[in-house]
Amino acid sequence: VNRIADILIVEDSPTQAALLSHLLERSGHRVRVAGNGQEALAALRERASDLVITDVVMPEMDGYELCEAIKSDETLGEVPVILLTSLSDPQDVIRSLQCGADNFIRKPYDERYLLSRISNILTSRELREGGKLQVGLAVYLAGDRHFITSERQQILDFLLSTYEEVAQINEELAAKNAELEARQAELEAERERAQELVNVNRAVLDAGTDCIALVDIEGKPFLNNAAFRRLLGEFPGLTLEGSLAENVAAVSAVASDPEGFRSFCHPLLEDPEFEGQYEFELRDIRRWLRLATMPVRDASSALIGRIIVLREVTAEREAERLKTDLIATVSHELRTPLASVLGFAELLLARELDEATSRRYVETIADQAKRLTGLVNDFLDLQRIEEGAFGLTPEPLDLGDILREEVELFSSQFTAHVLTLDLPEEPLPMMGEPNRMSQVVANLLSNAIKYSPEGGPVDVSAREDNGLIEVAVRDQGLGIPDSQQEQVFTKFFRVDSTDTRQIGGTGLGLALCRQIIEAHGGEIGFQSAEGEGSTFWFRLPREPAAASRSGE
Amino acid sequence: MPPSGDLRGQDPASPSTVLICDDEEVMRALVRAVLEGEDYAIAEARDGDESLELIRRLRPDLVILDMMMPGRSGLEVLKEIRGDPELAGTPVIMLTARAQASDREAVSRAGADRYLPKPFHLADLAAAVGELRGGRQA
């Protein structure tokens, strides 16, 4: 039950006074405000209040002095006084008791608590109307002796409220502690989330094949990924632990075009905002890298450094080179037979020729047109293979027949070369597509002849071994350098050396051969030594059923 | 005039010598057919080395040179000719299937008098031969 009271607030700060007035008035109390002790005493003498709430720290007359003045005044002595104190000093309690204060309220005050305290004081005052007992008490606090002469009830109230106060402070401390613990747990969780994010980012960085390094605003490295470290592992001389400028110098020393690399890097070193890309080759290992770089900013967009991403583009470069070479090759391969076709056609049209010459020209035109057709077919085949539409319609056949036909055909065309054929007496039965098998044999023969520019023997042999038919085509020509052997079956690849540069071809033949042999369930390979010649072989499953079926 | 008394193309009585250098038999046959009926002595070479040997031996009045040949390429042969004071004056027609801009530049840098990419019109070849048979032009 709220008791309505007349309350005098003594407070030198108008703001504090207004706040407290507002609070008390909201609870139904009537409030007067005095700005200092003298005003308060005057106000009380003019009209009594039920309660005085006074600030302790005030100029001239502080709260204790005001309280003493009230308590020692015959007419005002009965008015309960509540001190507003920060209670920061243990002596405050003694001072409060000595001045005869009825209670105190700790600043900053809790509104609910303040109101209940006021209500208690008003109740308690009614209860102790009557039997007053003045006592004289000597108390010691912090080594000092103090003498208190308040009423017993008043002292009891005061001490109880002090105890209450301590209990409340304790409660507050516990709450504060719980809050701190919660905050601590939150921070820990945040730290774990941050660590998790770091781990995730690290995994993302390390899983990629791009080499990533970050440098700070001074150019010192502070983060890199696994790919970057692997790359460094491949260059024992290159630690890249120094500054950006030192690293640029170190890389330009191993670049094929040091000047180009340095001039790309110049703005990178000068301008923290620089963004750009550059491709360069590492001289000794013939590998191409693409460098991309851009500035890195923090949460407030301030520059904190630069990211450098290196990606190996050797394969792309090689593909690009092969494509360019292919275009040149195709152009060359098409132009030579086209020149013959058009040239001899022009001659036929423009000149009066005897029949034998005309016939020879027409035959040449037909041959060259066939050559063009073969070239176009190779391209179409390759395209079909690339689109995965390379289907076979196998039938029973004797590989011996195909070898005999092709060797005979090539012998008649290339008289500078001696072709031999070594076949077993029995047939070589297999399931296959005759045109495709002829294509493989023709490609191998054509290569053997092409890469024996000086003429020389080309030996073809076939034998049966353990259910497999093995065919070998051996030449004593230029051979294939060790360094290029890996690429022999790569499409558009052609052996490159001073001896072979002028030899035509699409670079498709062996790629096609491999596709065809593998589609027949076989394998193809070669042995070769530069300057000694090459032996290309393929093995296919022998199918005895094929022979009996073909015999039916 | 060189002390050797080079009389190429100045003596109407002796036919001009034309050397056809190409590894493709069919191309040599075509060029030969174009020149047929004119008063030329025709020689043929099948690769770069043979070309250079015949140029040194025959001192032809005109060389028709293919670019892609086994051994020395046509371009290398051309550079040898231009680098040899005795041969430098020989007119050269480059006849080639290498028809990209970079090829044309390389040929022109190496000092060919004419560049005819394959396929070519026979009349263009005949005209180039006619113009150059009298020696290199400025």
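Among contacts in chain A between residues at least 6 apart in sequence, 60% join residues at least 24 apart. The model is a predicted one. Chain A is built with 15 helices and 19 strands, and 43% of its 552 residues count as buried.

**Helix α3 of chain B**

- Helix α3 of chain B spans residues 74-83, and its buried residues are B:Gly74, B:Leu75, B:Val77, B:Leu78, B:Ile81 and B:Arg82.
- Viewed down the axis of α3(B), these buried residues fall within an arc of 160°, so they line one face of the helix.
- An α-helix has 3.6 residues a turn, so residues three or four places apart point the same way.
- The face of α3(B) turned away from the buried side carries the exposed residues B:Lys79 and B:Gly83.
- The cover over the buried residues of α3(B) includes two helices, α2 (48-58) and α4 (101-110), and two strands, β3 (62-66) and β4 (92-96), of chain B.

**Helix pairs**

- In chain B, the axes of helix α1 (residues 25-35) and helix α5 (residues 122-132) come within 10 Å and cross at roughly 65°; the crossing of α1(B) and α5(B) is right-handed.
- From α1(B), the residues B:Leu30, B:Val31, B:Val34 and B:Leu35 meet B:Leu122, B:Leu125, B:Ala126 and B:Val129 of α5(B).
- The residues in this contact between α1(B) and α5(B) divide into eight nonpolar, no polar and no charged.
- In chain A, helix α13 (residues 434-450) packs with helix α14 (residues 509-519) at an angle of about 145°, and their axes are 9 Å apart; this crossing of α13(A) and α14(A) is left-handed.
- The residues of α13(A) that meet α14(A) include A:Met437, A:Val440 and A:Leu444, and their counterparts in α14(A) include A:Leu512, A:Cys513 and A:Ile516.
- The contact of α13(A) with α14(A) has eight nonpolar, four polar and one charged residue.

**Two buried residues in strands of chain A**

- A:Asn103 lies in strand β5 (residues 103-106) of chain A, and A:Asn103 counts as buried because its relative accessibility is 5%, where the cut-off for buried is under 20%.
- Leaving aside residues up to four places away in sequence, A:Asn103 touches A:Val81, A:Ile82, A:Leu83, A:Arg117, A:Ile121, A:Phe158 and A:Ser161.
- A:Asp459 is part of strand β16 (residues 456-465) of chain A and is buried, with a relative accessible area of 18%.
- The side chains of A:Asp459 and A:Thr420 are joined by a polar contact of 2.6 Å.
- Apart from residues up to four places away in sequence, A:Asp459 touches A:Thr420, A:Ala472, A:Val473, A:Arg474 and A:Gln476.

**Backbone features in loops**

- Most residues other than glycine have a negative phi, and most peptide bonds are trans.
- A:Asn466 is not a glycine, yet has a positive phi of about 55°; A:Asn466 sits in the loop between β16 and β17 (468-475) of chain A and is exposed, with a relative accessible area of 77%.
- B:Arg59, also not a glycine, has a positive phi of about 45°; B:Arg59 is in the loop between α2 and β3 of chain B and counts as partly exposed at 37% relative accessibility.
- A cis peptide bond, with omega about -5°, joins B:Lys118 and B:Pro119, and B:Pro119 lies in the loop between β5 (114-117) and α5 of chain B.

How values were computed: Residues numbered from 1 in each chain as written. Chains lettered and ligands numbered in written order. Predicted model: local features only at pLDDT ≥ 70, side-chain atom pairs only at ≥ 80, totals over all residues. Heavy atoms only, no water. Buried < 20%, exposed > 50% of the residue type's maximum accessible area, 1.4 Å probe, protein only. Helix = DSSP H or I, 4+ residues; strand = E, 2+ residues; numbered from the N terminus. Arc of directions from axis to C-beta. Contact = heavy atoms within 4.5 Å. Axes fitted to C-alpha atoms, helices over the stretch in contact; angles between N-to-C directions. Left-handed = near helix turned anticlockwise from the far one by under 90°. Nonpolar A, V, L, I, M, F, W, Y, C, P; charged D, E, K, R; others polar. Polar contact = N/O pair within 3.5 Å; in protein donor to acceptor, adjacent residues only side chain to side chain.
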